[in-house]
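Thanks for coming. I have one structure to go through today, so let me put it on the screen.

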Amino acid sequence: MFKPQVNEQLGMKLSTYLILVHMLVSGRVWASDWGYTEENGPHTWQNNYPIAVKGRRQSPINIVSRNAKYDSDLTFLSIAYTPEDYVELKNNGHSIECQITKTGYLTGGPLGNQEFKLAQFHLHWGADDTRGSEHTIDGKQFAAELHLVHWNTKYDSFAEAANMSDGLAVLGIMIQSGEEHPFFSVVSDNVYGLIQPGSMVTIPSSLDPIDLLPANIDDYWTYEGSLTTPPLYESVQWIVFKEAVAFSSNQLDALRSLIDSDGNPMQDNFRPPQPLKGRHVRASFQ
Ligand SMILES: [Zn+2]
């Protein structure tokens with residue numbers, strides 16, 4: 001016969017166990033302290049990440065093309081990527097992410113002769129084609145936005161660079177619904193193995209990240225900003241291309257079929273535009 005005290009302890013252990021089982025079954029074991037729902041979406045991030053509202057260089061922003069100042073010092077971007085000979089994809093609970101295993105560098109443009117190394121790419125998208133991008137151009141939101149994330153090799157690692165004011169450079173590409181993208185198919189054709197948050201797949205196909213960029217990489221806007229997801233570090237030199245790239249509606253629907261860390265369809269995983277707070281956007285073109 002248990003003493004009441006022991007009984008209570010056993011009861012507590014049982015309920016903890018049941019909660020764990022529930023979390024595992026519902027996939028909530030992947031839940032984090034932020035997401036895109038009414039309860040944990042961008043308007044709540046300031047509770048755990050005060051920089052969300054206190055910061056001076058938060059991203060994304062609305063790019064007003066007529067306010068962007070042409071800067072003749074913005075020379076050509078120099079991009080030297082290496083094709084991946086297999087594609088490592090992960091559902092990280094907030095997006096689909098491709099981990100880069102080969103060595104690729106970005107220099108030039110607003111980065112000058114500083115060398116930035118490609119670490120991963122991921123996307124943000126809407127529940128339908130009317131929304132999904134994080135940056136907006138003259139108020140226009142696109143169906144999705146692709147981010148190629150690089151870190152400054154003057155630091156020892158991505159982790160060290162991530163919180164430095166000159167630590168990261170991200171290429172932003174607007175995605176609109178249209179023709180099928182032949183090189184994105186290696187991602188969109190393989191989401192079935194990535195439906196649940198935490199899933200990872202390695203696809204025995206090659207992918208050159210350069211093939212995901214628009215044809216015209218000479219025309220871009222650039223500004224100093226932040227990560228668009230917690231911890232929202234103010235460490236990103238943003239380079240947003242003027243030319244958008246097309247994905248087919250099937251390719252966009254494939255992304256929408258994923259499940260996020262809250263157990264919901266992974267859709268509308270974008271942060272809305274943040275205040276400029278005196279920043280200037282520069283353009284590489286007139
Ligand atoms: Zn992103």
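Of the contacts in the protein chain with a separation of 6 or more, 73% are between residues 24 or more positions apart. Keep in mind that this is a predicted model. Its protein chain averages a pLDDT of 92, and 89% of the residues score at least 70. The exception to flag is residues 1-29, where the pLDDT is below 50. Beyond near neighbours in sequence, that stretch has ten contacts in the model.

On secondary structure, the protein chain has five helices and 15 strands. Of its 286 residues, 38% are buried.

Now the core. The largest nonpolar core has 57 residues. Those with the most contacts inside it are I96, A144, L146, V170, I173, I175 and L255. Among the elements that give two or more residues to this core are β5, β7, β9, β12 and α5. Which element gives the most? That is β10, with seven residues.

Let me take L146 as one case. Leaving out residues up to four places away in sequence, L146 touches F121, L123, I173, I175 and L212.

Next, β10 itself, residues 168-177. Eight of its ten residues are buried, so the strand is mostly covered.

On to α5, residues 249-256. Its buried residues are Q251, L252, A254 and L255. Why do they count as being on the same side of α5? Because they cover an arc of only 150° around the axis. The cover over these buried residues includes β5, β7, β9, β10, α4 and β14.

S261 is found in the loop between α5 and β15. Is S261 buried or exposed? The cut-off for buried is 20 or more other C-beta atoms within 10 Å; S261 has 22 such neighbours, so it counts as buried. S261 and W34 are 227 residues apart in sequence, yet their C-alpha atoms are 9.2 Å apart in space.

That is what I have; I will take comments now.

Notes: Residues numbered from 1 in each chain as written. Predicted model: local features only at pLDDT ≥ 70, side-chain atom pairs only at ≥ 80, totals over all residues. Core = buried A, V, L, I, M, F, W, Y, C linked by C-beta atoms within 7 Å. Buried ≥ 20, exposed ≤ 12 C-beta atoms within 10 Å, placed from the backbone. Helix = DSSP H or I, 4+ residues; strand = E, 2+ residues; numbered from the N terminus. Contact = placed C-beta atoms within 7 Å. pLDDT = per-residue confidence, 0-100. Arc of directions from axis to C-beta.
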